[in-house]
Amino acid sequence: MLVRRSKLCSNAAMANCFRCGQHIDSHRHLRRRVKTGEWVRHRHPNKRVSISQTHYGMRVVCPWCAKALDRTEARRELAIWIELAAALILLLALLTLG
């Protein structure tokens, strides 16, 4: 997303959100771990991905983006717990039937 230069601030006490570019005051910004970049290397003969690397870093975000990032992380953790519970139930079912 492009941010107009007039919205960018040069004052150290003020910042812009890393995700949406919204101008935020120093007392309202939060820091979250966000995706800052990635690179992918392809093999030429069959065009399959051989190496993929993602970079993360702590960046200043506005309260709305912080909530969105927190919700995304909570959903990811919930999905992991659901998969673990399903695997345990399946394992218990196999042990009791076997």
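Modeller: A contact means that heavy atoms lie within 4.5 Å. Applied to Gln53, and leaving out residues up to four places away in sequence, this gives contacts with Gly37, Glu38 and Trp39.

Colleague: What kind of model is this, and how are its residues numbered?

Modeller: It is a predicted model in which local features need pLDDT of at least 70 and side-chain atom pairs count only at pLDDT 80 or more, while totals for chains, interfaces and linings use all residues. Residues are numbered from 1 along each chain as its sequence is written, and side-chain values use heavy atoms, with hydrogens and water left out.

Colleague: In which strand is Gln53 found?

Modeller: Helices (H or I, at least four residues) and strands (E, at least two) are DSSP runs, numbered from the N terminus. Gln53 belongs to strand β4, residues 49–61.

Colleague: How many helices and strands does the protein chain have, and in what order do the elements run?

Modeller: The protein chain has 1 helix and 4 strands. Read from the N terminus, the order is β-β-β-β-α.

Colleague: Is Gln53 buried, partly exposed or exposed?

Modeller: Buried means under 20% relative accessible area, exposed over 50%, and partly exposed in between (1.4 Å probe, protein chains only). Gln53 has a relative accessible area of 36%, so it is partly exposed. Of the 98 residues of the protein chain, 12% count as buried.

Colleague: Which residues form the largest nonpolar core?

Modeller: A nonpolar core joins buried Ala, Val, Leu, Ile, Met, Phe, Trp, Tyr and Cys residues through side-chain atoms within 4.5 Å. Here the largest one has 8 residues: Ala15, Cys17, Ile24, Val34, Val61, Cys62, Cys65 and Ala66. Ala66 is in contact with Leu30, Arg32 and Val61, its neighbours within four places in sequence being set aside.

Colleague: Which element supplies the largest share of the lining of the largest pocket?

Modeller: A pocket is an open set of points on a 1 Å grid over the protein atoms alone, where a 1.4 Å probe fits, with protein on both sides within 12 Å along at least five of seven lines; lining residues have an atom within 4 Å of a point. The largest share comes from α1, with 5 residues. Both β3 (30–42) and α1 (63–97) supply at least two lining residues. The lining includes Phe18, Arg32, Val34, Tyr56, Asp70 and Arg76.
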